[in-house]
Amino acid sequence: MAARTRCLVVDDHSVVRQGLDLLFGDLDDLELVGQVANGEEALAAVEKLNPEVVLMDVRLPGIDGVSAVKRIHQAAPNVKFVVFSAYGDKRLLSDAISAGARGYVMKGSPPEDLLRAVRTVAEGKAFVDPSLSPALLMADGGPSEQPLSEREREILQLLAEGFHTEEVARRIGLSAETVKSDTKRAINKLEADTRVHAVAIALRQAMIE
């Protein structure tokens, strides 16, 4: 039998932690190795328990969830993150992705969506909750009618998987300046605010996965 993906839950509500413990209890491919209630405990738990995926709430006492993601990502870049939040505004989504999260799931979504997010992120891909309104992922003017080129989609896909501009350039055989130029063009086509926002729009509209 293949080893199960090791998961850690960070949430300050005991009922949420208990519910996730039950949800993960009978799974063959995912294992809940720990539960903690705040960002400080999360930093220590990652070092001690060595999880592969961390499910992180956003509103936490002390260190907030986005800051905890950023600090853990810097210390342990192989750990992957799914933000599990009751809040679905565009700024939080962009901040979470920028900090290092590759999954964003609403707490009101079906359990199947959360499990799909964990499995998707564990595979190195990105997941944005399908229940999020497209309006949250778009600039005020709405999405552009211009489709992305194949190369622009490839660049956004690699950015979504956590690669930096220089790494993207090496992988597709372009200069970093060309990648930056193509990224800016994709941002403009999607009428996004930043490259993180552009990645979020492309994920939601299934231009990338």
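1. Ile97, Ala101, Arg102, Gly103, Tyr104, Ala126, Phe127, Val128, Ala160, Val199 and Leu203 line the largest cavity, and the model in which this cavity is found is a predicted one. Its volume comes to about 50 Å³, and the structure holds 1 cavity of 30 Å³ or more.

2. As to where this lining comes from, strand E5 (103-106), strand E6 (127-128) and helix H9 (195-204) each contribute at least two residues. Sorted by class, the lining is made up of 9 nonpolar, 1 polar and 1 charged residues.

3. Turning to the charged side chains, the count of salt bridges is 9. One of them joins Asp29 to Arg119, with N to O at 2.6 Å; because Asp29 sits in the loop between helix H1 (14-25) and strand E2 (30-36) while Arg119 belongs to helix H5 (residues 111-122), this pair ties together parts that are 90 residues apart in sequence. Asp29 is partly exposed, at a relative accessible area of 31%, and Arg119 is likewise partly exposed, at 31%.

4. Glu152 deserves a separate look, since it is buried, with a relative accessible area of 3%. The side chain of Glu152 meets that of Lys189 in a salt bridge (3.0 Å, N to O), a pair that links helix H6 with helix H8 across 37 residues; Lys189 is also counted as buried, at 14% relative accessibility.

5. Glu152 also forms a salt bridge with Arg185, where the closest N and O atoms are 4.0 Å apart, and this pair, too, ties helix H8 (residues 176-189) to helix H6 (residues 150-160). Arg185 is partly exposed at 37% relative accessibility. Together with Arg151 and Asp182, the residues Glu152, Arg185 and Lys189 are linked in a network of salt bridges.

Technical notes: Residues numbered from 1 in each chain as written. Predicted model: local features only at pLDDT ≥ 70, side-chain atom pairs only at ≥ 80, totals over all residues. Heavy atoms only, no water. 1 Å grid on protein atoms, 1.4 Å probe; cavity = no way out; pocket = protein on both sides within 12 Å on 5 of 7 lines; lining within 4 Å. Points joined across faces, edges and corners; volume = space filled by probe spheres on them. Helix = DSSP H or I, 4+ residues; strand = E, 2+ residues; numbered from the N terminus. Nonpolar A, V, L, I, M, F, W, Y, C, P; charged D, E, K, R; others polar. Buried < 20%, exposed > 50% of the residue type's maximum accessible area, 1.4 Å probe, protein only.
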